[in-house]
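Here is a friendly note to read alongside the model. Keep the 3D view open as you go through the points.

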Amino acid sequence: MSDQTTPATDPAGPNGPTTGSTSGATSGSTGGTGSSGSSATGAELIGQIAASIRRERERSGLSMAELARRAGIAKSTLSQLESGAGNPSVETLWALGVALNVPFSRLVDPPRPVVKVIRAGEGPVTHSERADYAATVLASCPPNARRDIYRIEAQPGETRASDPHMPGTVEHVMIGAGRALVGPTEAPVELGPGDYVSYPGDAPHVFRALAPDTLAVIVMEHI
């Protein structure tokens with residue numbers, strides 16, 4: 001497990017080093033979001049993630065060492081993330097979310113305005129370090145609801161393999177453009193524009209783009 005992190009000012013890239021590294025993961029657009037104003041910049045998003053990780057860890061009563069152990073990352077890596085000095089990958093944030101028993105979006109989504117508009121290319125983005133795959137949080141679950149919505153942009157190449165999320169999670173995927181192989185690791189389904197699939201998110205699952213510029217929307221339900 002690598003302890004190295006990328007400084008918060010470094011630009012994010014779609015592919016990072018080995019799993020557990022916090023390199024090249026988050027980015028943000030400076031474009032507008034309707035009545036909500038500008039989206040967070042990359043540096044602002046990293047600061048929000050740092051505060052969220054620290055808040056949720058303290059809420060759960062876990063020490064930094066215990067959270068790092070549960071998430072399978074180095075304590076030094078977690079320390080850098082909480083101080084805003086690291087740039088976490090999708091994989092690292094998912095691992096922390098599972099360890100903290102909170103949805104992924106709670107670690108990355110900024111406060112929501114009453115009316116929220118996110119244009120194409122805007123919003124808080126995290127990149128996979130295993131595949132050319134980027135996830136944008138469109139809406140995190142409000143109080144008394146247990147669902148998150150993501151826009152996915154992916155390119156053909158490495159498969160984005162996901163470890164199980166929190167028990168009871170169900171994922172719903174609809175393809176908007178391109179084609180993708182989506183679903184349980186042992187039995188994924190090929191989808192095209194307009195196609196939909198749902199499957200257990202608490203078991204290993206995959207997303208593999210089969211055509212350039214594949215776009216999808218994922219809705220995650222949490223019990």
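**Notes on the salt bridges**

1. Let's start with Glu66, which is partly exposed because its relative accessibility is 22%; buried means under 20% relative accessible area, exposed over 50%, and partly exposed in between (1.4 Å probe, protein chains only). This is a predicted model, where local features need pLDDT of at least 70, side-chain atom pairs count only at pLDDT 80 or more, and totals for chains, interfaces and linings use all residues. Residues are numbered from 1 along each chain as its sequence is written, and side-chain values use heavy atoms, with hydrogens and water left out.

2. Glu66 makes a salt bridge (a side-chain nitrogen of Lys or Arg within 4 Å of a carboxyl oxygen of Asp or Glu) with Arg69, and their closest N and O atoms are 2.7 Å apart. Both residues sit in helix α2 (residues 64-71), three residues apart, or about one turn of the helix. Helices (H or I, at least four residues) and strands (E, at least two) are DSSP runs, numbered from the N terminus. Arg69 is exposed, at 57% relative accessible area.

3. Glu66 also meets Arg70 in a salt bridge, at 2.8 Å from N to O. This pair lies in helix α2 too, four residues apart. Arg70 is partly exposed, at 48%.

4. Now look at Arg130 and Glu91, a salt bridge with its closest N and O atoms 3.9 Å apart. The pair links distant parts of the chain, 39 residues apart: Arg130 is in the loop between β2 (125-127) and β3 (133-139), while Glu91 is in helix α4 (residues 90-100). Is Glu91 buried or exposed? Glu91 is buried, with a relative accessible area of 7%, whereas Arg130 is partly exposed at 25%.

5. Finally, the whole structure holds nine salt bridges.
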